[in-house]
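This report walks through a structure for someone who has not seen it before.

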Amino acid sequence: MNKVELLAPAGDLEKLKWALLYGADAVYIGGKDYSLRANAKNFSIEEIDEAVKYAHNIGKKVYVTMNIIYHDEDFNNIEKYIKKLDEIGVDAVIVSDIGCISIIKKIAPNLEIHLSTQASCMNRLSAKFYKNLGVKRLVLAREANRYDIKDIIDYNKIDVECFIHGAMCVGISGRCVLSNYITNRDSNRGGCAQICRWNFDLYDGDEKIIDDTEFTMCSKDLQMIKYIKDMIDIGVKSFKIEGRMRSIYYVSTVLYVYRHVIDEYLKNKDKFVLDEKYIKILSRVANRDNVPQFYDKNVGVDEQYYLGRQEISNQDFLGVVLDYKDNMITMEVRNYFKVSDYVEIFGPKTETFKLKIDKLIDEDGCSIDIARHPKQILKIPCKKRVYKYDIIRIPYIY
Amino acid sequence: MNKICLMINNLDEINTNADIFIIGLKDYNSLNVLELSLEEIKNIKTSKEIIVSMNKVIHNNEIDKLIDILKQMEGMKVIFDDLSIVQIVLENKLNIELIWGNIRATTNYQSINTYLDYNVNYSILSPDITLDEMIEISKNTKSKLFLPLYGKFNIFSSNRFLITNYLEYINHKKSNKQYRIGNKDLYYDIYEDNNGTHIVNGKCTNGIIDYRKVLDSNIDYILVNSYNIEFDINELINALTTLRTLYYNNMLDLKTLVEFHNKFTNKNTNSGFLHQKSIYKVGDMDE
């Protein structure tokens with residue numbers, strides 16, 4: 001069986017545990033410094049240590065991002081940080097700056113380096129250069145198509161990691177500083193203000209183009225579910241989900257789907273057929289349209305997103321299972337639902353099933369009609385066994 | 001002696017008093033400069049040096065053609081971003097002087113010095129860092145540096161055709177005019193080429209007031225971009241050569257510097273990031 005890795009984002013320790021529980025083989029995290037999500041919660045060095053211990057204990061991996069473009073002042077404490085990561089035993093660091101790569105090679109030669117997508121590597125010779133530099137894995141540019149990916153793998157015999165799901169930069173990664181010049185926020189050091197999602201007036205010469213749809217550069221998200229089989233066949237080693245700042249619900253749902261698809265294909269390649277329900281789930285959990293982007297075609301208007309700031313806030317996530325005993329689920333509420341509603345429950349050990357809410361019981365033992373308060377603890381009768389950390393949502397597939 | 005390097009946008013600009021010129025190689029360039037074919041570049045009649053910009057990110061299916069082109073460029077200076085160009089030059093032992101031109105990443109001397117190990121002896125400093133940072137880099141590297149002192153520089157490149165896509169979506173015909181995007185009184189030129197879309201800074205960086213500091217630091221080149229400049233490019237280049245001459249004759253005073261700086265200042269110029277640091281931590285923004 002091919003060994004492929006499902007790699008998930010984790011913005012904090014709680015998200016890390018959820019990601020590993022929901023099927024990730026590895027997670028990538030950012031420290032308090034040097035990461036391209038400077039405004040996420042991120043991990044202190046103590047938390048990185050805890051994360052690595054936790055992951056290694058269950059046979060999984062942790063990669064730490066150090067993928068900013070460094071100014072000289074950013075290198076001030078970097079040697080100490082790298083040594084500490086090496087000591088902790090992180091499985092790899094993800095880097096784009098060639099100066100940073102050189103420093104790591106010098107002071108922690110055994111620390112594995114993965115090349116970040118920020119380096120925008122998408123041909124076999126730049127891949128060769130990085131391989132000779134000591135990089136062990138390439139996270140390819142998101143503009144790399146199927147043939148680029150295959151040729152890079154075949155020519156260099158190097159591990160390749162590709163994004164399979166989530167938001168995309170519109171600009172070539174690492175080559176956009178719109179945020180710097182429009183908001184003074186440095187996109188290449190983690191402060192990106194996502195200018196590409198703004199609306200602008202577009203002028204043709206001196207004439208402003210007037211339309212109900214304002215000009216934006218925003219692209220649809222990436223979704224590669226239909227191509228997982230092909231990507232495994234051409235030799236992609238790691239499948240990366242974007243979203244260190246995404247919710248537990250989003251990451252768990254996406255992981256659940258890709259985990260199932262990868263495992264189903266690897267289990268029986270000849271008979272594999274992609275179940276449409278997975279596509280339904282991914283479309284539902286997304287807040288923007290998602291498409292395969294560059295993998296199989298030159299992108300055009302169909303890959304752009306012109307619906308403005310109407311990204312749908314997802315209220316499908318109803319709650320989390322905290323316990324199951326005596327045919328009763330104890331759950332923590334996240335969104336509104338009520339008695340007589342149908343819900344779906346799924347989890348790492350729980351195949352998705354539908355449940356009718358016959359009763360809701362609050363912490364005082366009283367029956368109530370509506371779950372309306374986030375974080376409220378409630379009990380629901382359920383004959384089917386569920387597990388802690390299973391997710392309860394509005395039905396997608398039943 | 002410091003040299004003045006002009007990124008040209010019109011072939012007539014070869015006749016200015018700049019010392020060196022940058023021209024883009026058609027289909028391989030991401031800078032906002034004039035683009036010509038290799039044959040056209042080679043046929044330019046000038047005794048001055050021409051540097052060829054090939055600083056786009058290269059697709060895999062372009063590699064074979066790229067090797068052929070580079071083999072025809074021996075003896076030339078080439079600006080690159082993609083490391084395939086370095087790899088090709090090394091593997092084929094080509095006599096090409098390489099200039100690191102990923103102007104988003106030339107922000108620290110660690111990286112610039114790493115490239116020295118690969119015979120990349122020149123780098124274009126990023127316009128996204130401060131003058132002090134540029135000077136600090138110059139003190140810590142043997143690489144020959146180009147410092148962007150005046151002009152509008154590229155701030156975005158994409159493999160997508162963002163104008164074409166949008167106009168198609170709203171069913172509006174595309175013209176041959178210059179497109180701009182605007183937001184709160186700031187306007188940015190946006191254009192497409194065969195590789196995708198590029199956006200140019202709406203403000204023109206004017207660092208003339210800092211030229212003496214640059215000369216004091218022995219930085220090898222200053223970079224001027226003539227793209228959509230609102231002043232006469234000949235006058236600008238002549239002003240810079242005058243300032244340089246005064247400096248090397250110990251006759252450059254602050255009054256003259258200010259006078260020349262102001263002469264090329266208007267409401268569309270500012271000092272860019274020369275005296276302003278960018279920020280990146282603004283708060284906890286998790287979902």
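## Chain A as a whole

Of the 398 residues in chain A, 50% are buried. The model is a predicted one. Chain A holds 10 helices and 23 strands. Its C-alpha trace spans about 65 × 60 × 50 Å along the principal axes.

A compact globule of 398 residues would have a radius of gyration near 21 Å, and the 22 Å of chain A agrees with that. Among contacts in chain A with a separation of 6 or more, 65% are between residues 24 or more positions apart.

## Chain B as a whole

Chain B has 9 helices and 15 strands. Its radius of gyration is 19 Å, close to the 19 Å that the globule rule gives for 287 residues, so chain B is as compact as a globular protein of that length. The C-alpha trace of chain B spans about 55 × 50 × 45 Å along its principal axes.

Buried residues account for 51% of the 287 residues in chain B. Of the contacts in chain B with a separation of 6 or more, 63% involve residues 24 or more positions apart.

## A run of paired strands

Which strand of chain A pairs with strand β10 (residues 179–183) of chain B? The partner is strand β8 (residues 199–204) of chain A, and the two pair in the antiparallel sense over 4 bridges. In this pairing A:Asp201 stands opposite B:Gly182 in β10(B).

Within chain B, β10(B) is also joined to β11(B), by 5 bridges, and these two strands run antiparallel. Here B:Arg180 has B:Asp189 in β11(B) as its bridge partner. Strand β11 (residues 186–193) of chain B is in turn joined to β12(B) by 4 bridges, again in an antiparallel arrangement. A hairpin of 2 residues connects β11(B) to β12(B).

## Strand β12 of chain B

Strand β12 (residues 196–200) of chain B is mostly covered, with 5 of its 5 residues buried. Besides its pairing with β11(B), β12(B) is joined by 4 bridges to strand β9 (residues 154–158) of chain B, and β9(B) and β12(B) run antiparallel.

## Two crossing helices in chain B

Helix α2 (residues 63–71) and helix α3 (residues 83–91) of chain B have axes that come within 10 Å and cross at roughly 55°. Are α2(B) and α3(B) parallel, antiparallel, perpendicular or oblique to each other? Angles from 65 to 115 degrees count as roughly perpendicular and those under 35 as roughly parallel; α2(B) and α3(B) are therefore oblique to each other. The crossing of α2(B) past α3(B) is right-handed.

The residues of α2(B) that meet α3(B) are B:Ile63, B:Leu66, B:Ile67 and B:Leu70. On the α3(B) side they meet B:Ser84, B:Ile85, B:Ile88 and B:Val89. An α-helix has 3.6 residues a turn, so residues three or four places apart point the same way.

## A covered helix with both chains around it

Helix α4 (residues 109–116) of chain B is mostly covered, and 6 of its 8 residues are buried. Those buried residues are B:Tyr109, B:Gln110, B:Ser111, B:Ile112, B:Thr114 and B:Tyr115.

What covers the buried residues of α4(B)? The cover includes α4 (98–107) of chain A. From chain B it includes β6 (97–100), β7 (122–124) and α5 (131–139).

## Two residues with positive phi

Most residues other than glycine have a negative phi. A:Gln293 is not a glycine, yet its phi is positive, at about 55°. This residue lies in the loop between β13 (290–291) and β14 (317–325) of chain A. A:Gln293 has 21 other C-beta atoms within 10 Å and is buried, since the cut-off for buried is 20 or more.

A:Ser340 also has a positive phi, near 85°, and is a residue other than glycine. A:Ser340 is found in the loop between β16 (337–338) and β17 (342–347) of chain A. Is A:Ser340 buried or exposed? With 9 C-beta neighbours inside 10 Å, A:Ser340 counts as exposed, because 12 or fewer is the cut-off for that class.

Methods:
Residues are numbered from 1 along each chain as its sequence is written. Chains are lettered from A and ligands numbered from 1 in the order in which they are written. This is a predicted model: local features need pLDDT of at least 70, side-chain atom pairs count only at pLDDT 80 or more; totals for chains, interfaces and linings use all residues. Two strands pair if DSSP finds at least two bridges between them. The radius of gyration is taken over C-alpha atoms; the globule rule is 2.2 Å times the number of residues to the power 0.38. Two residues are in contact if their C-beta atoms, placed from the backbone, lie within 7 Å. Axes are lines fitted to C-alpha atoms, for helices over the stretch in contact, and angles run from 0 to 180 degrees between N-to-C directions. Angles under 35 degrees count as roughly parallel, over 145 as roughly antiparallel, 65 to 115 as roughly perpendicular and the rest as oblique. A crossing is left-handed if the near helix is turned anticlockwise from the far one by less than a right angle, and right-handed if clockwise.
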